[in-house]
Amino acid sequence: MSKEAFKGPLQRVDETTWRIPRSYKPGMRVEGRIFADERLIDQIRSDQAPEQVANVAHLPGIQGSSLAMPDIHWGYGFCIGGVAATDPAEGGVISPGGVGYDINCGVRLMRSHIRAEEIRARLPELINVLFRRVPAGVGKGGPYLFAGDEMDALLAGGVRYLARRGLATDSDVALTEAEGAFPDADPDCVSPTAKERGGDQCGTLGAGNHFLEVQVVDEILDRRAAEAFGLEEGLVCVMIHSGSRGLGYQVCDDALKAMRKCPEKYGIELPDRQLVCAPVDSPEGRRYLAGMRAAANFAWANRQLLMWQTREAFQEFFGKPWEELGLGLVYDVAHNIAKLERHSVDGREKLLCVHRKGATRAFPAGHPEVPDRYRHVGQPVLIPGDMGRESWVLVGLPDAMEKTFGTTCHGAGRVLSRTAAAARAKGRRIDRELAEQGIVAKAHSREGLAEEHPEAYKDVSVVVDVVERAGLAKKVARLRPLGVVKG
């Protein structure tokens, strides 16, 4: 985390919105807007993330405002929780820093017919089976190997390719954002080094804040939406958080190097070189978009294979087919992505490049990109908490389209860097502390728990409360953790 506090202006607009005026810095094309309330704003001021919101406002072609969600914290170029939409027709740019290194890091939620009381006595055994069956940890490979033509087919087809291989159902495809595949992904825009790094990593959790968590539906707040999503109080769910692993990291790194001279080439002045960018319609912009889409397809496939292995683990544990256990997909959402979407700006419909970095799409009822079975209620929005506190399922609202280009927060948001979190956990047994709360935690390293313990994060209930009060998404269900697998 950036240690220096933000010294600029934060003007309150209403109970959940603050603005950074264009007058704050020469060159700002739009104002900055941060969604937060009085419980969060002091912490938000404590690092340089608001400065990054102001910096993003300099990007050519930016529309509306430079936005940040209540889980905002400092990141590379863009803050985590940052949102920016640019118009290619007005010289709008695409910036790899607005997507991040873990391209299409995201969350997938599975539901089941299993009631929590059925597994409570054997919960440690279930977590052990998942720990053994689902690969996790730094650099950890898995049982699925992709190279050559198969890797290219995976990068081009994402979850749809896995469906042809018998590793995804039609329902899995339908209930993944973008049906699990960008159609304009180009494997040729992914370097051999990136492909090699991803060769054995599709179907692996990785480390850091990635996890597999067994949860119970603790409370239903919107019964109509919950019924559509197949959620009932007392039922077991599984939430999976992972991304594009080493392949996505390499795609981002390659793009940052390739775009290094683009600001000079295209006459773009930037306040921070981490915002390196190129016009969306330039050769460099098109190449990055095509490679990013391929990495995003890899990430969707990664979470699909993680879910497939989870189904196999539950089959082993219960001695029943996963279909009989009701282990269906609720939804899968991307957190780090740039997408071309149609939005209304000042009464005009425009095709915009929407950067969402640590932010989640939240489309309302009736939107054509919401799956058919959910279109009457809206898109499921999945907001993980931390290992010791709840996660949330929400549903997108119409105000999000007007205020945030159909976007809301993606999680609780860090308040401690991994180094600071580990220092605070020194001498403690985080697994034992979680066990005292009835949560079984297994990790491949003690650092995995020390860096990700609950004190490292904001209270997700406060963050979710802000997005609901702001009209971006509505609470549907609260999910309480039972057990977690970490890298």
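## Helix α9 and its surroundings

The buried residues of α9 pack against α5 (148–164), α7 (192–198), β9 (236–242) and α11. This is a predicted model. The buried residues of α9 are R245, G246, L247, G248, Q250, V251, C252, D253, A255 and L256. That is 10 of the helix's 14 residues, so α9 is largely enclosed by the rest of the structure.

How far does α9 reach from its first C-alpha to its last? The answer is 20 Å, close to the 20 Å expected for its 14 residues at 1.5 Å a residue.

R245 belongs to helix α9. R245 is buried, with a relative accessible area of 13%; the cut-off for buried is under 20%. Its phi is near 55 degrees, a positive value in a residue other than glycine. Most residues other than glycine have a negative phi.

## How α9 meets α11

Two packed helices are described by the angle between their axes and the distance between the axes. For α9 (residues 245–258) and α11, the angle is about 170 degrees and the axes are 9 Å apart. That angle makes α9 roughly antiparallel to α11, because the cut-off for roughly antiparallel is over 145 degrees.

Which residues make the contact? From α9 come R245, L247, G248, V251 and A255. From α11 come Y288, G291, M292, A295, F298 and N302. Sorted by class, the contact has seven nonpolar, three polar and one charged residues.

## Helix α11

Helix α11 has 36 residues, which should span 52 Å at 1.5 Å a residue. Its end C-alpha atoms are 53 Å apart, which agrees. Is α11 largely enclosed or largely open? Of its 36 residues, 30 are buried, so α11 is largely enclosed by the rest of the structure. G319 follows α11 and has a positive phi, near 70 degrees.

E316 also lies in α11. This residue is partly exposed, with a relative accessible area of 37%. Leaving aside neighbours within four places in sequence, E316 is in contact with V129, R132 and R133. E316 and L126 are 190 residues apart in sequence, but their C-alpha atoms are 9.5 Å apart in space.

## Two nonpolar cores

The largest nonpolar core has 110 residues. Which of them touch the most other members? They are I119, L130, F229 and L231. Helix α11 gives the most to this core, with 17 residues.

Take I119 as an example. Not counting residues up to four places away in sequence, I119 touches I114, L126, V214, V236, F317, F318 and L482. There is also a second, separate core of 58 residues. Among its members are V30, A36, A400 and L472.

## V30 in a loop

Where is V30 found? It sits in the loop between β2 (17–20) and β3 (32–35). Its relative accessibility is 8%, so V30 counts as buried.

V30 touches R22, A57, I62, Q63, G64, S65 and S66, not counting residues up to four places away in sequence. V30 and V56 are 26 residues apart in sequence. In space, they are 9.2 Å apart, C-alpha to C-alpha.

## Helix α16 and its cover

Helix α16 runs over residues 460–469. Seven of its 10 residues are buried, so α16 is largely enclosed by the rest of the structure. The buried residues are V460, V462, V463, V464, D465, V466 and V467.

What covers them? The cover includes β3, β4 (62–73), β15 (380–383), β16 (391–396), β17 and β19 (473–486). Just after α16 comes G471, with a positive phi of about 80 degrees.

## F405 in a loop

F405 lies in the loop between α12 (398–404) and β17 (407–409). Is F405 buried or exposed? F405 is buried, with a relative accessible area of 8%. Its phi is near 55 degrees, which is a positive value in a residue other than glycine.

Technical notes: Residues are numbered from 1 along each chain as its sequence is written. This is a predicted model: local features need pLDDT of at least 70, side-chain atom pairs count only at pLDDT 80 or more; totals for chains, interfaces and linings use all residues. Side-chain values use heavy atoms; hydrogens and water are left out. A nonpolar core is a set of buried Ala, Val, Leu, Ile, Met, Phe, Trp, Tyr and Cys residues joined through side-chain atoms within 4.5 Å. Buried means under 20% relative accessible area, exposed over 50%, partly exposed in between (1.4 Å probe, protein chains only). Helices (H or I, at least four residues) and strands (E, at least two) are DSSP runs, numbered from the N terminus. Contact means heavy atoms within 4.5 Å. Axes are lines fitted to C-alpha atoms, for helices over the stretch in contact, and angles run from 0 to 180 degrees between N-to-C directions. Angles under 35 degrees count as roughly parallel, over 145 as roughly antiparallel, 65 to 115 as roughly perpendicular and the rest as oblique. Ala, Val, Leu, Ile, Met, Phe, Trp, Tyr, Cys and Pro count as nonpolar, Asp, Glu, Lys and Arg as charged, and the others, Gly among them, as polar. The expected span of a helix is 1.5 Å times one less than its number of residues.
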